[in-house]
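Colleague: Let's go through this model together. I'll ask, you answer.

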Amino acid sequence: MRKFHQNRSPIYAFHPWQVVETEFRPEYNHRSEAIFSLGNGYMGLRGTFEEGLPGSVPSTPGIYINGIYETEPIIYGEFMAKQPREYQTMINVTDWKGLQILVENEEFSMLDGQLEEYTRILDLKEGVLRRELIWRSPQGRRTRLVFERFISQVEKHLAYQRCSITPLNWSGQLTVRSQVNGAVRNHHHLRERALQVLSTEHTNEGGAIISKTKNSGIAVACAVTHRLSPQVPMMGSAGPESLEFVARFPAQEQGTYTVEKYVAMATSRDLAEGHLLGFVQRLVGRSAQVGFTKAKEAHVQFLAQFWEDADVQIEGDLALQQGVRFNALQLLQSTGRDGKTNIAAKGLSGEHYEGHYFWDTETYIIPFFLYSRPEIARKLLEYRYSILDAARENAKRMRDQGVLYAWRTINGHEASGNFLGSTVQYHINAAVAYAIHKYVEATDDLDFLVEMGAEILFETARCWAHRGAFLEAKGGKYCINEVCGPDEYKPGVNNNCYTNYMAQFNLRLALQARDLLAEQYPEKLAELVDRLQLTSEEFALWQKCADNMYLPFNAELGIHPQDDSFLYKDPIDIDSIPEEEIPLVANWHPLVIWRYQVIKQADVILLMFLLGDQFTLEEKKANFDYYEPKTTHDSSLSPAIYSIVAADIGYHEFAYNYFLQTVRLDLDDYNRNAWQGLHTACMAGSWMGIVNGFGGMRTFGGQLSFRPFLPKQWQRYSFKVKFKGAQLQVTVEPGRVEYTLLEGPVLSFCHFGQPVTLAPGESLLLDIPS
């Protein structure tokens, strides 16, 4: 097992429901901006300060709207045919958070004067960010400042800020300048400023800015208004690209003065550009009438219901308890729920990976929501349906049939100019198909299958049946050449084992969907056959490809070769690679990486998990023993899968140690890159590590089953899963497990292979076999 950063000191104090910063240190600001980010799946805000910071402090200020992007031409050093022509990059939108505070004539800054007290708390239970401090100004004025903000989980267009200021040893004029800045740009990736301000308007208490992206043509509207306590006059003004609202309080010592800022944002993807201004103005006006306190109560109530479904409880390790809850909140904050958007690799917490959606969604993140909030899982799959036409265009670009989902995308078109790390990864098609299968299996939502899922399955199967060939050199088996599996260190290989197995699974899913529609929804099947111009010969070809798929296996080693060439590559001891050369992708030439038996992330081992019912325990062990020493885990997606498979084969110490790499990857900044944005797939992997790993949950063949064990470091753990309309709580203690059916119909499942049936409200305590 490669050495990880398990002994790094914790950055934030351990707490079951909070992430707490007790000291402001400018050198750590960049990282904390990502950690203290907020969002609601539609809008996200990095943990930047209302008053701002000087340019000397590392910072990437960012407010993002999911799915809102700019395009720019991709510049290639040399011409290659049929390459993607445009980047898509999530943009930094109108900055509405600014508050400038003047104590008499002294401007508040944490870098001037002295901080006598300081705490910043991300409340995981409530989804609220709070900063409280006592500032002694350079001239000795002591002032308590409390900042609080949240982005509503109830109304996606709304955000709220409140600042309360208390003079502790002075009286005089307190001035607050609330600012909205439209002159924003991305700090990485885009060469030019994306968002151009079209108009500004204001009253004394509020105003709005309408902007539009230069190339992609997306309009963005931002409206704000304010409430003051005690009430004093406010003066609004507008510049060409900004708004400012000034309030002056005649402050008295020990009095408290509060500014509440209400924000509404929307885009032309929500409604017609001409209606945006009136829409955000009405929204922000209503939000101010409701008020900060009531809006917060509704927001917190939403979170309470979320935690009822999604919380995982760990007794015996407070650091891990904090970590899994932080991860769960950030997943909720980052995931689109409208069927038009998805979840980016960095969520809504940073610009890196440019806001692109990957296969991470289907393989890692959908499972988290599928068994806690299945309605969100459906919306993520609806997004894939919404970009089918773009996927069809991508298939045509590659001279394929059906659809080929883009590897990196926002709008459905391929956004990566490096085909060896993107287009070659055809297995994304199978990831989408697999997620559809798991969704329908867990929810019995045949409406989705009929209206959307079947079409995706048919079009991805069509791609697989065209992409390969029956080769005499392989005994007439169906082979898929020049692809890349999950291991991105082996692009352009033949018969990647993971890809072939998953393609076979995809083909069979499509045929099963055809049979189901033929039996239950014949009119819909006829409509699809006609619209997609499917033929009986094509269905027969899918069956032939699936039945004759080349499935690599080496009998001598007892393993499944990762691809046709892997066993013949140069061996290397990955422990001999200096740590400063990790990750290899950033330090070695690609040709050097490709020639070695070195793996970036779980590939065959991921197959052992996703299609685990197709492999024996001995095969899983042999594959794990062979590939584990060859894997660098240069992707944060990898440790969770190795943990799950290690648990499956009884390697409990391996399972626990790999699990540790997932839970606090960002909180403890293992990779020293949290400032770029959070690792959302790894966060979902930490949930999978508990539920699928330690809990041993599987749903093969539509049968829910568990094979749990308790890590020796813990006293107890508990999680809930929703399956076929029921919600089951699983509590694992030393030597035993308690199953409780919390709601829904009678549920049948297996405990270590033994059938169990529970009625609603019923609990059963069972032993864990030794």
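Modeller: One definition before we start. Helices are DSSP runs of H or I with at least four residues, strands are runs of E with at least two, and both are numbered from the N terminus. Note also that this is a predicted model.

Colleague: How many helices and strands are in the protein?

Modeller: Count the DSSP runs as just defined. The protein then has 18 helices and 29 strands.

Colleague: Why call the protein as compact as a globular protein of its length?

Modeller: The globule rule gives 27 Å for 770 residues. The radius of gyration of the protein is close to that, so the protein is as compact as a globular protein of that length. The value is 27 Å.

Colleague: What percentage of the residues count as buried?

Modeller: Buried needs a relative accessible area under 20%. Of the 770 residues, the share that counts as buried is 61%.

Colleague: How far apart are the mean positions of the positive and negative charges?

Modeller: There are 74 positive and 93 negative charges. Their mean positions are apart by 2 Å.

Colleague: Which residue in β28 is the bridge partner of Cys 750?

Modeller: Strand β27 covers residues 747-751 and β28 covers residues 754-758. They run antiparallel, joined by five bridges. They form a hairpin with two residues between them. In β28, Cys 750 has as its bridge partner Pro 755.

Colleague: Which residue in that turn has a positive phi?

Modeller: The turn belongs to the hairpin of β27 and β28. The phi there is about 50°, and the residue is Phe 752.

Notes: Residues are numbered from 1 along each chain as its sequence is written. This is a predicted model: local features need pLDDT of at least 70, side-chain atom pairs count only at pLDDT 80 or more; totals for chains, interfaces and linings use all residues. Side-chain values use heavy atoms; hydrogens and water are left out. The radius of gyration is taken over C-alpha atoms; the globule rule is 2.2 Å times the number of residues to the power 0.38. Buried means under 20% relative accessible area, exposed over 50%, partly exposed in between (1.4 Å probe, protein chains only). Lys and Arg count as positive and Asp and Glu as negative; His and the chain ends are not counted. The place of a charge is taken as NZ of Lys, CZ of Arg, CG of Asp or CD of Glu. Two strands pair if DSSP finds at least two bridges between them.
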